[in-house]
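Subject: A structure to look through, with notes

Dear colleague,

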Amino acid sequence: METLTHDAAARRIRTGLLFALASATSFGLSGPLARGLMNAGWSAAAVVAVRVLLAGVVLLPLAWPHLRDNRTLLRDNAKLIVAYGVVAVAGTQLAYFNAVARMEVGTALLIEFAAPIAVVGWLWLRHRQRPGAATVAGAILGITGLMLVLDVFSGVSTDPVGIVWALGSMVGAATYFVLSDQGGDLPGTVLAAGGLLIGGVILLAAGTVGIVPLRATTEPVVFADFTTPWWLPILVIGIVTAAISYVTGIAATRRLGSRLASFVALTEVLAALLFAWLLLGETPGLIQLLGGALILLGVIAVRLGEPAVRTLGDPESPTAERQLDRTANPNRL
């Protein structure tokens, strides 16, 4: 029986890591695609609003069967879905837009991507899960790697308002991981679809009242070696970098826990570097490659610090029923 438990836990971790890497890779594609759209005249807020709304619409047919079979699903999880949409989706994006309006993009991203540290702190304060030496070492390696990849040493903004907004985006990102691990038997497609639709509506409302600029064009989008009509990158940025990335991110967090999933998500920066090289011709430098290696070492350190099998009483662990359900139904997100 113990061997079966360990085998099931090992399978859950392996699939969780695959989901996490898929999520980080698809998230990483969003930046280069968005850059192409913005070069064609789109505002950043318009790109993100269309992105999350399209993703919500795409996921709705996948979420609907769950809602049809269980009419109380939305009512029982309404607070979670609304919090996910307001904080994890819209709040993170709005805070980040306002941060980069007042400070360097690299610095804002560095603060936002410090979300794993916030997750570790939350688990320590809320669940008394004191981080071990491996987790601390992984955090130091990961943040150092981020600083190198984002090249924040070339110019750091000290605008206090910008820093506050960037910290808000970090809290939103950390909330994404914490909420993704909640919901009991709420399917990930339902959580993602509801949250994305709510977040998209909020972003549109924010643009309407002037909190963020909304501007879109139908000009062709130019990348390094090719030009494409505007609607093609919009479809990819909505379906691949939002619908797929959010669902796989939720699936990963529910298998790995919010702490490990948040550190694996740092590989999004590496994926963004790769896609920027392929699509925009932005070749990464030696320092950025070194930073990427440190990020990977940080993720490995945190993984080594995780318990081999998370026990039933662990607040970071799924309940026994969820473990058995996912073992029997590995395709369920």
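A residue is called buried under 20% relative accessible area, exposed over 50%, and partly exposed in between, with a 1.4 Å probe and protein chains only. By that scale Ile 244, which has a relative accessible area of 40%, is partly exposed. Please keep in mind that this is a predicted model, in which local features need pLDDT of at least 70 and side-chain atom pairs count only at pLDDT 80 or more, while totals for chains, interfaces and linings use all residues. Residues are numbered from 1 along each chain as its sequence is written, and side-chain values use heavy atoms, with hydrogens and water left out.

Ile 244 lies in helix α10, where helices are DSSP runs of H or I with at least four residues, numbered from the N terminus. Together with Val 58, Trp 231, Leu 232, Leu 235 and Ile 239, Ile 244 makes a nonpolar surface patch of about 460 Å². Such a patch joins nonpolar side chains (Val, Leu, Ile, Met, Phe, Trp, Tyr) within 5 Å, taken from residues with over 30% relative accessible area and no salt bridge, and the areas come from the Shrake-Rupley method with a 1.4 Å probe. Helix α10 (residues 231-256) gives the most to this patch, with five residues.

Turning to the aromatic rings, those of Phe, Tyr and Trp (its six-membered ring) pair if their centres lie within 6.5 Å, and planes under 30 degrees apart count as stacked, over 60 as edge-to-face and the rest as tilted. By this rule there are nine aromatic pairs. In one of them, Phe 27 and Tyr 176 stand edge-to-face, with 6.4 Å centre to centre and 85° between the planes. This pair links Phe 27 in helix α1 (residues 2-39) with Tyr 176 in helix α8 (residues 160-180), 149 residues apart. Phe 27 counts as buried at 13% relative accessibility, and Tyr 176 counts as buried at 8%. Phe 27 also pairs with Tyr 246, and because their centres are 5.1 Å apart and their planes at 75°, this pair is edge-to-face. One aromatic cluster is formed by Phe 27, Tyr 84, Tyr 176, Phe 177 and Tyr 246.

Finally, the structure holds one salt bridge, meaning a side-chain nitrogen of Lys or Arg within 4 Å of a carboxyl oxygen of Asp or Glu. Its partners are Asp 76 and Arg 75, at 3.7 Å from N to O, and both Asp 76 and Arg 75 are exposed.

With best wishes

Conventions:
Patch = residues over 30% accessible without salt bridge, like charges linked within 9 Å, V, L, I, M, F, W, Y side chains within 5 Å. Helix = DSSP H or I, 4+ residues; strand = E, 2+ residues; numbered from the N terminus.
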